[in-house]
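Please go through the sequence and the structure below before reading on. The paragraphs after it take the elements in groups.

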Amino acid sequence: MSDRLYIFDTTLRDGEQVPGCQLNTVEKIEVARALEELGVDVIEAGFPISSPGDFKSVVEISKAVTWPTICALTRAVEKDIDVAADALKYAKKGRIHTGIGTSFYHIHHKLNSNPDEIIERAVRAVKYAKKYVEDVEFYAEDAGRTENEYLARVVEAVIKAGATVVNIPDTTGYTMPYEFGEKIKYLIDNVKGVHNAIISTHCHNDLGMATANTVSGIINGARQAEVTINGIGERAGNTSLEEVVMTLKSRYKVLGIDTNINTKNIYKTSRLVSNLMNMPVQPNKAIVGRNAFAHSSGIHQDGVLKNRENYEIIDPVEVGINESSIVLTARSGRAALKHRLEVLGYELTKEKLDDVYQKFLELADKKKDIRDDDVAMLVDDHRKKERQIKLDFLQVVTGKSLQPMASVRLDIAGEKFDATASGNGPVDAAINAVKQIVKRHVILEEFLIQAITRGSDDIGKVHMELDFEGVKYFGFGANTDIITASVEAFLDAINKMKA
């Protein structure tokens with residue numbers, strides 16, 4: 001048996017069935033080309049008879065890609081197969097994917113049929129599809145809940161009829177990994193002629209076990225896995241391409257099974273699908289979530305900085321991510337802060353690092369995570385200690401029916417000065433109070449406030465441009481309190497003025 005696993009991607013068929021994720025033909029072609037570059041073996045491009053749009057997409061994708069097999073889905077109905085064959089006429093390598101339900105529920109409650117008739121219809125559909133293409137895949141819908149003995153009869157019959165691939169879907173995501181593995185093994189061991197076809201998995205994630213079931217199926221003899229980018233699909237989704245591929249790659253020494261996937265394209269393909277389908281990737285999603293290679297615990301950060309493999313079983317570079325992310329939070333240690341400072345170009349002595357670290361902990365208690373601008377602000381705060389004029393105290397009273405008032409205390413070369421002033425707003429009041437103390441006639445030429453991110457707990461950055469005696473001075477301040485940031489920016493500029 002080959003140790004090569006074929007990757008069958010159904011992002012553009014099963015994945016696109018997610019409400020709100022529909023793509024137009026141009027977008028589908030863009031995804032198909034990305035899948036080709038990724039190294040996918042088979043692209044299921046659509047269900048041609050379902051709509052004119054799906055038909056057109058299969059036609060255009062067939063024209064747009066070169067080497068992957070282009071697959072079109074049908075029911076076990078001759079008209080479906082006719083339309084699929086027509087849609088695949090430009091495919092360099094075309095496959096018709098036909099099938100029918102095989103579980104008790106589908107036979108009796110969906111199809112109003114009986115087991116023998118289902119086998120007859122399955123065989124008839126495969127033989128009919130073979131008139132158009134050599135490569136015919138048969139799916140036994142709801143195979144996960146189909147009795148193994150009956151499923152084996154179906155599989156044997158369709159392989160004898162000419163099926164080159166037989167898909168064993170866990171359509172409802174019902175099976176346990178050991179059950180699904182045993183089902184595949186039962187077919188491998190009991191179906192006459194099973195080696196004349198490839199057995200495929202197609203697992204759904206209703207109980208969160210799609211990847212586990214797929215891997216179990218592969219271990220037990222399946223050599224095609226039907227997957228989607230980011231695990232999107234009906235209800236709770238399909239098996240995730242990136243999870244299966246990276247499981248096989250990271251455990252290759254144990255499993256010895258390889259794929260054709262260029263794993264370094266995984267991340268960018270994930271982002272493309274997410275953006276085009278307006279389907280955000282959950283932060284804790286394996287392999288491609290933004291937290292997949294992020295570390296916030298101080299113990300973990302220290303371990304990763306010493307040796308990545310202490311806490312990472314996959315090198316992020318292998319999936320197209322430049323490096324692990326050391327996320328600064330209240331749980332981060334000195335090692336993580338020192339690392340981030342070095343990345344940003346700051347080299348601090350141990351004493352200065354200790355001081356900045358204490359400020360960092362105070363800020364981290366106010367914010368959910370600390371970003372590069374925050375870190376720069378902390379270093380600037382440390383440097384402010386060497387300034388002649390420093391903000392020692394600030395209190396502002398404001399409200400809808402109140403005249404804004406600000407009380408300020410400045411430390412000027414070790415001596416404290418207080419002032420209180422009003423203004424058109426809280427920032428104006430605070431600046432007026434500072435002006436009373438510094439006694440310099442300055443003109444505020446520019447006042448810019450920016451948010452570093454979008455959260456209500458964000459750091460506000462303030463840039464000011466002051467004119468003093470015809471000379472321009474620029475000041476910068478940053479704080480979770482925008483009034484404090486504004487005063488700090490004003491003082492930053494004042495400190496740069498000649499006495």
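What follows covers a helix pair, a sheet with its helices, a hairpin and a few single residues. The model is predicted.

We begin with helices α5 and α6. Helix α5 covers residues 115-130 and helix α6 covers residues 148-161; their axes come within 9 Å and cross at roughly 25°. Angles under 35 degrees count as roughly parallel, and α5 and α6 are therefore roughly parallel to each other. The crossing in which α5 passes α6 is right-handed. On the α5 side the contact is made by Pro-115, Asp-116, Ile-118, Ile-119, Ala-122, Val-123, Val-126, Lys-127 and Lys-130, and on the α6 side by Tyr-150, Arg-153, Val-154, Ala-157, Val-158 and Ala-161. Sorted by class, the residues of this contact are 11 nonpolar and 4 charged, with no polar ones.

The next region is a sheet. Strands of a sheet pair through backbone hydrogen bonds, either parallel or antiparallel. Here 3 strands form an open sheet in the order β11-β12-β13, and the pairing is antiparallel. β11 (389-399) and β13 (415-422) are the edge strands, each pairing on one side only. On average, and with direction ignored, neighbouring strands of this sheet are turned by 10° against each other. Between β11 and strand β12 (residues 402-412) there are 9 bridges in the antiparallel sense.

Helix α17 (residues 482-495) lies across β11 and β12 and runs at about 145° to β11.

These two helices also pack on each other. The axes of α16 and α17 are 9 Å apart, and the packing angle is about 35°. α16 passes α17 in a right-handed crossing. From α16, the residues Pro-426, Val-427, Ala-430, Ile-431, Val-434, Lys-435 and Val-438 meet Ile-483, Ser-486, Val-487, Phe-490, Leu-491 and Ile-494 of α17. The contact of α16 with α17 has 11 nonpolar residues, 1 polar and 1 charged.

Strands β15 and β16 form a hairpin with 2 residues between the strands. Strand β15 (residues 460-468) and strand β16 (residues 471-479) run antiparallel and are joined by 9 bridges. Phe-468 has Val-471 as its bridge partner in β16. Is β15 enclosed or open to the outside? Of its 9 residues, 8 are buried, so β15 is largely enclosed by the rest of the structure.

Backbone angles are the next topic. Most residues other than glycine have a negative phi, and most peptide bonds are trans. In the hairpin of β15 and β16, Glu-469 takes a positive phi near 55°. Arg-235, which is not a glycine, has a positive phi of about 55°. Arg-235 sits in the loop between β8 (224-227) and α9 (241-250), and its relative accessibility of 52% makes it count as exposed. Ile-287 has a positive phi near 75° and is likewise a residue other than glycine. The place of Ile-287 is the loop between α11 and β9 (294-295), where Ile-287 is buried, with a relative accessible area of 10%.

With 45% relative accessibility, Lys-268 counts as partly exposed. Lys-268 and Asn-495 are 227 residues apart along the chain, and their C-alpha atoms are separated by 46 Å.

Conventions. Residues are numbered from 1 along each chain as its sequence is written. This is a predicted model: local features need pLDDT of at least 70, side-chain atom pairs count only at pLDDT 80 or more; totals for chains, interfaces and linings use all residues. Side-chain values use heavy atoms; hydrogens and water are left out. Axes are lines fitted to C-alpha atoms, for helices over the stretch in contact, and angles run from 0 to 180 degrees between N-to-C directions. Helices (H or I, at least four residues) and strands (E, at least two) are DSSP runs, numbered from the N terminus. Angles under 35 degrees count as roughly parallel, over 145 as roughly antiparallel, 65 to 115 as roughly perpendicular and the rest as oblique. A crossing is left-handed if the near helix is turned anticlockwise from the far one by less than a right angle, and right-handed if clockwise. Contact means heavy atoms within 4.5 Å. Ala, Val, Leu, Ile, Met, Phe, Trp, Tyr, Cys and Pro count as nonpolar, Asp, Glu, Lys and Arg as charged, and the others, Gly among them, as polar. Buried means under 20% relative accessible area, exposed over 50%, partly exposed in between (1.4 Å probe, protein chains only). Two strands pair if DSSP finds at least two bridges between them.
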